[in-house]
Each structure stands twice: as structure tokens, then as C-alpha cells.
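Hi,

Here is the structure I promised to pass on. Have a look at it first, then read my notes below.

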Amino acid sequence: IILFAAFLIIEKSGLRFFDKFKNSRGFYATVFLLTYGLARFFLDFLRAYDLPNADARYGGLTPAQYGSVMLFILGLYLVFKIRTIRKYS
């Protein structure tokens with residue numbers, strides 16, 4: 001719901017910062033990957049780890065946190081790809 005609200009605010013806002021990017025291909029997918037990856041990473045710290053069937057931790061992080069780091073990195077890659085495409089078009 002929060003992500004939907006953020007997308008709605010971006011779409012309806014009159015901020016010039018978003019105007020040059022929001023019509024780019026993959027803009028909303030990029031915003032989703034960045035925000036979801038970041039939120040999931042930090043919210044996963046709230047999981048219980050002392051229960052019998054708790055998620056395994058590798059290096060202090062759960063597999064979901066490693067996945068969310070990958071989503072965030074993919075989002076950053078798309079940000080730079082969108083920026084370079086916009087520069088040359």
C-alpha cells in the first residue's frame with residue numbers, strides 16, 4: 001500500500017525532478033526494485049531468530065536479505081541504464 005501511494009504521488013506530483021524520468025522505460029520497475037529491496041532488507045531484521053523453525057542466517061543475514069540486496073543492486077543498475085539512455089536520446 002505504501003509503494004502504491006508512492007507511485008501515485010510520483011505520478012500526480014508536479015515536481016520537475018520526476019518529470020524527466022517518469023516517462024522513461026522501466027522507471028516504475030526501477031523505483032519498485034529500489035524501495036522494495038531496501039524496505040525488505042531492514043524489515044527482515046525484525047524476524048524472530050530464537051524460534052525452533054526460524055530462518056537460517058548466513059553471515060548474520062537471512063537468505064531474503066541477500067535477495068533484497070540483489071534487488072537493490074539491480075535497481076541501481078537500471079537507474080544508471082535509464083540515465084545513459086536518456087543522455088543519448
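Let's start with Ser68, which sits in helix H4, residues 63-88. This is a predicted model, so keep that in mind for everything that follows. Is Ser68 buried or exposed? Ser68 has a relative accessible area of 2%, and because anything under 20% counts as buried, Ser68 is buried. If you leave out residues up to four places away in sequence, Ser68 touches Gly37, Arg40 and Phe41.

Now zoom out for a moment. The protein has four helices and zero strands, so the pattern along the sequence reads α-α-α-α. There are 89 residues, and 22% of them count as buried. Looking at contacts with a separation of 6 or more, 54% come from residues 24 or more positions apart. The protein exposes about 7000 Å², with carbon and sulfur atoms supplying 69% of that.

Next up, the charged residues. Side chains of opposite charge can pair when their charged atoms come close. How many salt bridges does a search of the whole structure find? The search gives three, and you can follow them one by one:

- Arg40 and Asp44 form a salt bridge, with the closest N and O atoms 3.9 Å apart.
- Asp44 also forms one with Arg47, where the closest N and O atoms are 2.5 Å apart.
- Arg47 meets Asp55 through their side chains, at 2.2 Å from N to O.

Put together, Arg40, Asp44, Arg47 and Asp55 are linked in a network of salt bridges. You'll find Asp44 in the loop between H3 and H4, and at 2% relative accessibility Asp44 counts as buried. Arg47 is partly exposed at 33%, and Asp55 is partly exposed too, at 36%. Apart from residues up to four places away in sequence, Asp44 touches Arg57, Thr62, Ala64 and Gln65.

Then there are the rings. A pair of aromatic rings is described by the distance of the centres and the angle of the planes. A search of the whole structure finds five aromatic pairs. In one of them, the rings of Phe32 and Tyr36 have centres 5.4 Å apart and planes at 10 degrees.

Phe41 and Phe42 make another pair, with centres 5.2 Å apart and planes at 85 degrees. Angles over 60 degrees count as edge-to-face, so that is the label for Phe41 and Phe42. Ring pairs also link Phe7, Phe27 and Tyr28 into a cluster.

Which residues make the nonpolar surface patch of about 300 Å²? They are Leu38, Phe42 and Phe45. Leu38 lies in helix H3 and counts as partly exposed, at 41% relative accessibility.

Methods
Residues numbered from 1 in each chain as written. Predicted model: local features only at pLDDT ≥ 70, side-chain atom pairs only at ≥ 80, totals over all residues. Heavy atoms only, no water. Phe/Tyr/Trp six-rings, centres within 6.5 Å; stacked < 30°, edge-to-face > 60°. Helix = DSSP H or I, 4+ residues; strand = E, 2+ residues; numbered from the N terminus. Buried < 20%, exposed > 50% of the residue type's maximum accessible area, 1.4 Å probe, protein only. Contact = heavy atoms within 4.5 Å. Patch = residues over 30% accessible without salt bridge, like charges linked within 9 Å, V, L, I, M, F, W, Y side chains within 5 Å. Areas by Shrake-Rupley, 256 points an atom, 1.4 Å probe, with all protein chains shown as cover. Salt bridge = Lys/Arg side-chain N within 4 Å of Asp/Glu carboxyl O.
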